[in-house]
Amino acid sequence: MSTVTRHVLDNGLVVILKEVHTAPIISWWVLYRVGSRNERTGTTGVSHWVEHMLFKGTDQFPPGYLDKAIDRLGGSWNAQTFLDYTAYYETLPAEHIDLALQIEADRMMNAKFDPKEVDSGAHGHHLRTAGRGKLAHVLARRRGAGRFLPRAWLSPRDHRRHDRPRNHDAG
């Protein structure tokens with residue numbers, strides 16, 4: 001069994017490594033300690049919206065380029081937002097680990113937030129909200145847990161796409 005090693009860099013970044021040699025691939029994950037619990041009361045979906053905007057490209061990797069490049073390599077990339085984290089990952093053949101590292105470094109430093117897309121809230125990346133209703137139901141049944149969930153997760157009637165943050169205080 002392989003061991004897990006933990007390193008803390010000078011900038012506070014925690015790096016956790018676990019080597020598994022059962023397949024010649026790498027799976028590179030970057031997790032940020034921000035999720036829906038960090039959203040202001042009355043506004044939901046901001047963390048998820050930012051997650052999607054970070055797939056819109058940079059100068060180095062224009063929109064659509066990485067979808068094609070990663071697919072040609074037989075890899076995959078995606079992200080997910082939860083209550084207390086947002087994670088981005090790439091799974092690629094091991095010899096392409098440098099691409100995975102470049103993607104995340106570039107994404108976080110050079111992401112483009114096109115004003116037209118920011119204003120409209122529109123984006124082409126598929127929104128994955130399935131399953132949240134069940135989670136919300138389970139957590140809401142626990143005493144007081146519902147107060148930590150975005151209101152949109154608790155409403156069984158709200159099956160709209162979360163294309164943009166919602167302000168529940170606005171009339």
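**Rings, burial and a pocket**

Mentor: Gladly! Ring pairs join Y32, F55, W77 and Y88 into a cluster. Before we go on, this is a predicted model in which local features need pLDDT of at least 70, side-chain atom pairs count only at pLDDT 80 or more, and totals for chains, interfaces and linings use all residues. Residues are numbered from 1 along each chain as its sequence is written, and side-chain values use heavy atoms, with hydrogens and water left out.

Trainee: How is a pair of aromatic rings described?

Mentor: By the distance of the centres and the angle of the planes. Rings of Phe, Tyr and Trp (its six-membered ring) pair if their centres lie within 6.5 Å; planes under 30 degrees apart are stacked, over 60 edge-to-face, and the rest tilted.

Trainee: How many aromatic pairs does the structure hold?

Mentor: Seven aromatic pairs. In one of them, the ring centres of W29 and Y89 are 4.4 Å apart and the planes are at 15°, so this pair is stacked. The pair links distant parts of the chain, since W29 is in strand β3 and Y89 in strand β6 (residues 86-93), 60 residues apart. Helices (H or I, at least four residues) and strands (E, at least two) are DSSP runs, numbered from the N terminus.

Trainee: Are W29 and Y89 buried or exposed?

Mentor: Buried means under 20% relative accessible area, exposed over 50%, and partly exposed in between (1.4 Å probe, protein chains only). W29 has 39%, so W29 is partly exposed, while Y89 has 18% and is therefore buried. Y32 and Y88 form an edge-to-face pair, 6.1 Å centre to centre with 75° between the planes. That pair also links distant parts of the chain: Y32 in strand β3 and Y88 in strand β6, 56 residues apart. Y32 is partly exposed because its relative accessibility is 29%, and Y88, at 3%, is buried.

Trainee: Which residues does R107 touch?

Mentor: Contact means heavy atoms within 4.5 Å. Not counting residues up to four places away in sequence, R107 touches L54, F55, T58, W77, Y88 and E90. R107 sits in helix α3, and its 3% relative accessibility is why R107 counts as buried.

Trainee: Where does T58 lie?

Mentor: In the loop between α1 (46-53) and α2 (65-72). T58 is buried because its relative accessibility is 6%. With the same exclusion of residues up to four places away in sequence, T58 touches D106, R107, N110, A111 and K112. As for α1, six of its eight residues are buried; S47, H48, W49, E51, H52 and M53 are the buried ones.

Trainee: What volume does the largest pocket have?

Mentor: On a 1 Å grid over the protein atoms alone, a pocket is an open set of points where a 1.4 Å probe fits, with protein on both sides within 12 Å along at least five of seven lines; lining residues have an atom within 4 Å of a point. A volume is the space filled by probe spheres set on the points. Here the largest pocket has about 1100 Å³. Its lining has 28 residues, of which V15, I16, L17, W28 and W29 lie nearest its centre.

Trainee: Which strand supplies the largest share of that lining?

Mentor: β3, with eight residues.
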